[in-house]
Amino acid sequence: MKKILALSLVAAALAVSACNTVSGVGRDVSAAGSAVTSGAEEAKN
């Protein structure tokens, strides 16, 4: 029973950290897209 509890806690910790990582990557990609869009708008004018 203790092994199952320990493995469950480790799995939960990994799942939470993975969600934060994916969220951070999404923000980085969004920021890069905004920068490209801004550059394109400035070049057009």
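A residue counts as buried under 20% relative accessible area, as exposed over 50%, and as partly exposed in between, with a 1.4 Å probe and protein chains only. By this scale Lys2 is exposed, with a relative accessible area of 75%. The model is predicted, so local features need pLDDT of at least 70 and side-chain atom pairs count only at pLDDT 80 or more, whereas totals for chains, interfaces and linings use all residues. Residues are numbered from 1 along each chain as its sequence is written, and side-chain values use heavy atoms, with hydrogens and water left out.

The protein chain has one helix and zero strands; these elements are DSSP runs numbered from the N terminus, helices being H or I with at least four residues and strands being E with at least two. Lys2 lies in helix H1. Taken along the principal axes, the C-alpha atoms of the protein chain fill a box of roughly 65 × 5 × 5 Å. Within the chain, 45 Å separates the C-alpha atoms of Lys2 and Ala32, which are 30 residues apart in sequence.

Burial can be read for the whole chain as well: 2% of the 45 residues of the protein chain are classed as buried. Its accessible surface is about 3,900 Å², and carbon and sulfur atoms make up 70% of that area. Such areas come from the Shrake-Rupley method with a 1.4 Å probe, and for residues only the protein chains shown count as cover.

A salt bridge here is a side-chain nitrogen of Lys or Arg within 4 Å of a carboxyl oxygen of Asp or Glu. That rule gives a count of one salt bridge. It joins the side chains of Glu41 and Lys44, at 3.8 Å from N to O. The two residues are three apart in helix H1 (residues 2–44), so about one helical turn separates Glu41 from Lys44. Glu41 is partly exposed at 39% relative accessible area, while Lys44 is exposed at 62%.
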